[in-house]
Structure formats: C-alpha cells, structure tokens
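Let us go through one protein model together, a feature at a time, taking the general idea before the particular case.

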Amino acid sequence: MLKKLFCGILGATGIVGQNYIKLLKNHPWFEIVHVAASSKSEGKKYSEAVRNRWQMNIDIPENVKNLTVRNVYDFDSINKDLDFVFSAISLPNKEEVKSLEFQYAKRGIPVISNNSANRWTPDVPMIIPEINYDHIKMIHIQQKRRNFSHGFVVVKPNCSIQSYMVPIHALEQAGFLIENVIVTTLQAVSGAGYPGVPALDIIDNIVPFIGGEEEKSEKEPLKIFGKITEDGIINRDSIKFGATCIRVPVTDGHTASVNFKFKDTAPDVGEIIDIWRNFKSLPQKLNLPFAPVHPIIYLDNLDRPQPKKDRDNDKGMAVTIGRLRKDSVLDYKFVALSHNTVRGAAGGAILNAELLKAEGFFTKN
C-alpha cells in the first residue's frame with residue numbers, strides 16, 4: 001500500500017481551506033496532518049475553530065476535527081513530518097501572503113498556493129496541468145536563485161480562466177494557433193467567498209464588475225502560455241485576450257461565452273469538436289487521482305452547458321462546452337463551464353500537487 005504524503009493547509013478555517021479538507025477526504029496519496037490559520041483560531045481544535053462556520057455539505061472528517069490549529073506564523077510548531085502545504089491563507093495584503101509563502105519554502109516546505117499573491121512572481125510557475133505541465137521545470141531555477149534546498153512555491157491561476165484555457169490549448173496543440181480571444185464570464189457567487197455578495201445585491205440581479213477579475217483574465221493566460229528562462233517565465237505576446245467579468249446569482253460554476261479568431265487556417269466545426277473530445281494530456285496519461293478522464297466534454301444539446309446540470313462533470317474537474325458555431329466578427333464562438341470551487345480552486349491545486357508528486361518534487365534530499 002502506498003505510504004501517504006503528509007500535507008498541511010494554511011488558512012484551513014476559511015472557505016477554500018474547508019474545500020481542501022472536503023476534497024482531500026480519503027485521498028489515496030495525501031493525508032492532512034497540519035492545519036494553520038490566524039491567531040484567532042490558534043490553539044483550538046479544528047472543529048471548535050470552525051464551529052458555526054463550517055460551510056461544506058459533509059461533516060468535518062474524523063482525521064481533521066481534532067487537529068490543533070496552529071498560528072500560520074508559528075514556524076517552530078510545524079509538524080516535522082510535513083511533506084508540503086496548500087496555501088489558502090487570507091492576509092491584509094498580497095505582499096504579506098507572498099512573504100509568508102516564501103518563508104515556508106525557505107524552511108524546506110513546498111507550497112502549492114491557491115492565492116494570487118505570487119502569480120506574477122517571475123520565477124513562480126502558474127500551472128494548469130493539462131496545459132503547461134512543463135513549467136514545473138521552473139522550480140529548479142527558483143530553488144537555485146533563492147537558495148532553497150527542498151522548498152518552492154507553485155501557484156494555480158484564477159478560477160475564471162479555467163473554463164476556456166484548456167479548449168484553446170487543445171486547438172493549438174492540434175496545430176491551429178489562435179491570436180484573439182474575447183470572453184465574457186458569468187461568475188458564481190461562491191467565487192466571492194463567504195459571506196460574499198450581499199443577498200440584496202445579487203438576488204434578482206447581476207453585478208457587472210468583479211474587482212481585479214478582468215485584469216487577471218487578460219494577463220494570466222499569457223504567463224501560462226509563456227516560456228521558461230533563467231530569469232523567469234516570459235509571457236507569450238502572440239495572443240490577445242479581452243475580458244468582461246460579471247457576477248450572477250448562481251451558487252457554483254463559472255460560465256464563459258468565448259469568441260475567438262485563428263491566426264491562419266481555421267478548422268471546421270466537426271474537426272474542432274473532435275479535437276476537444278479526443279484531447280488528453282499528462283495528468284490523464286499519469287492517471288492522477290483528481291485528473292478528469294475527459295478534460296473537455298462537448299455536449300450537442302443547444303441549451304447546454306448549464307451550471308446546475310454540468311458543473312460536477314468528472315469530479316467537478318472537467319470543462320464542459322456547448323454551442324460551438326461560426327462567429328460573424330471573429331471565427332468561432334462557444335459556451336464553456338467549469339466548477340469554480342473545485343477545478344478553479346482547491347481541486348485544481350490538488351491536481352497540481354499530484355503532478356508534482358508524480359514527477360518526484362516532494363522527494364526530500
């Protein structure tokens with residue numbers, strides 16, 4: 001039987017931290033042995049720290065409920081057997097988060113982060129495993145530059161780009177380069193955390209502004225499609241993204257309406273659908289536990305995808321697409337959906353950790 005790796009969660013009492021605990025229940029490779037949060041929860045049993053605040057649809061797992069919550073800044077109390085941590089910590093500003101994550105890495109603890117703080121740090125790879133799994137090579141450069149022995153920081157991208165990045169990548173992998181993408185995302189309220197958007201703002205309403213989302217949606221894909229250098233990852237400049245991000249009264253599931261233009265020859269509709277349905281990447285070849293069997297699911301129904309019906313496809317880790325058709329301005333358009341709190345948050349980070357484990361990055365020297 002495989003010996004499980006011991007993992008910790010920074011920010012374990014928050015919503016993303018709770019999602020990690022839910023999704024890691026009975027994980028075949030990882031076991032939570034360490035939970036950390038702010039000084040408010042320090043010294044409490046986990047079940048006590050989240051009393052009246054546990055938002056998941058399962059009970060707190062038995063192996064977690066009695067763990068003592070550690071102050072995230074108390075490095076002396078870190079479990080000596082810890083193999084790596086997931087970072088979902090919320091601090092007053094991004095510089096504090098960035099610094100904290102690197103303090104763990106400096107102490108030899110790999111950090112797989114859900115936070116945005118280090119997404120634009122040049123030597124920190126921002127990974128979607130089906131797309132830029134080769135960016136894990138950046139870890140060795142990061143360790144060398146920062147004199148880290150075993151620790152490092154890896155991040156996942158923003159939840160709102162998950163629904164259309166893999167389909168675009170699949171087409172480019174098939175030889176059809178894309179130069180322009182215009183996307184409108186319809187984002188679920190769970191993306192705002194808890195308590196999130198006030199009920200009177202979102203019921204019978206939409207909110208056509210989500211702070212920072214459009215900038216992230218336009219910039220992060222360029223790093224994901226970028227190239228590794230000794231000085232960091234250089235963004236790709238041959239593709240442009242334009243984004244509009246809207247909050248809608250949906251619990252879970254970010255939907256995207258995507259219009260795009262090919263650089264040269266455009267395939268026909270049938271060829272695009274075949275490329276999507278047949279697409280597989282390294283996570284599928286490695287049979288990683290959280291990897292969707294089919295990263296892209298294309299539905300022929302004219303009224304799909306829908307969040308209620310399709311967000312949980314393939315463990316909530318697949319991108320579900322529908323309504324591919326010709327566009328009168330660009331080349332094509334389609335509608336896509338991904339689960340923002342699974343694929344777009346904790347689940348995506350867990351898949352990153354699985355990739356790193358499979359590639360030997362948690363093996364201590």
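Q: Which residue is the bridge partner of Gly322 in β14?

A: This is a predicted model, in which local features need pLDDT of at least 70 and side-chain atom pairs count only at pLDDT 80 or more, while totals for chains, interfaces and linings use all residues. Residues are numbered from 1 along each chain as its sequence is written, and side-chain values use heavy atoms, with hydrogens and water left out. In β14, Gly322 has Val335 as its bridge partner. Strands here are DSSP runs of E with at least two residues, helices are runs of H or I with at least four, and both are numbered from the N terminus; two strands pair if DSSP finds at least two bridges between them.

Q: Which other strand is joined to β14, and by how many bridges?

A: In a regular strand the side chains alternate between the two faces of the sheet. Strand β11 (residues 254-262) also runs antiparallel to β14, with seven bridges joining the two, and Thr255 has Leu337 as its partner in β14.

Q: Why is strand β14 largely enclosed by the rest of the structure?

A: Six of the seven residues of β14 (residues 332-338) are buried, so the strand is largely enclosed. Buried means under 20% relative accessible area, exposed over 50%, and partly exposed in between, with a 1.4 Å probe and protein chains only. Over the whole protein, buried residues make up 56% of the 365 residues.

Q: Which residues of helix α6 are buried?

A: An α-helix has 3.6 residues a turn, so residues three or four places apart point the same way. In α6 (residues 138-146), the buried residues are Met138, Ile139, Ile141, Gln142 and Gln143. The buried residues of α6 pack against α4, β6 (153-155), β8 (227-229), β9 (232-234) and α14, where contact means heavy atoms within 4.5 Å. Just after the helix, Asn147 takes a positive phi of about 60°.

Q: How much space lies in the largest pocket?

A: Rolling a probe the size of a water molecule over the atoms shows where empty space is left. The largest pocket holds about 1,000 Å³ of space, and of the 38 residues that line it, Val16, Ala88, Ser90, Asn114 and Asn115 are the closest to its centre. On a 1 Å grid over the protein atoms alone, a pocket is an open set of points with protein on both sides within 12 Å along at least five of seven lines, a cavity is a set where a 1.4 Å probe fits but cannot get out, and lining residues have an atom within 4 Å of a point. Helix α1 gives the largest share of this lining, three residues.

Q: Which residues line the largest cavity?

A: The largest cavity is lined by Ile127, Ile128, Pro129, Lys156, Pro157, Gln162, Arg343 and Gly348. Its volume is about 30 Å³, where a volume is the space filled by probe spheres set on grid points that are joined across faces, edges and corners.
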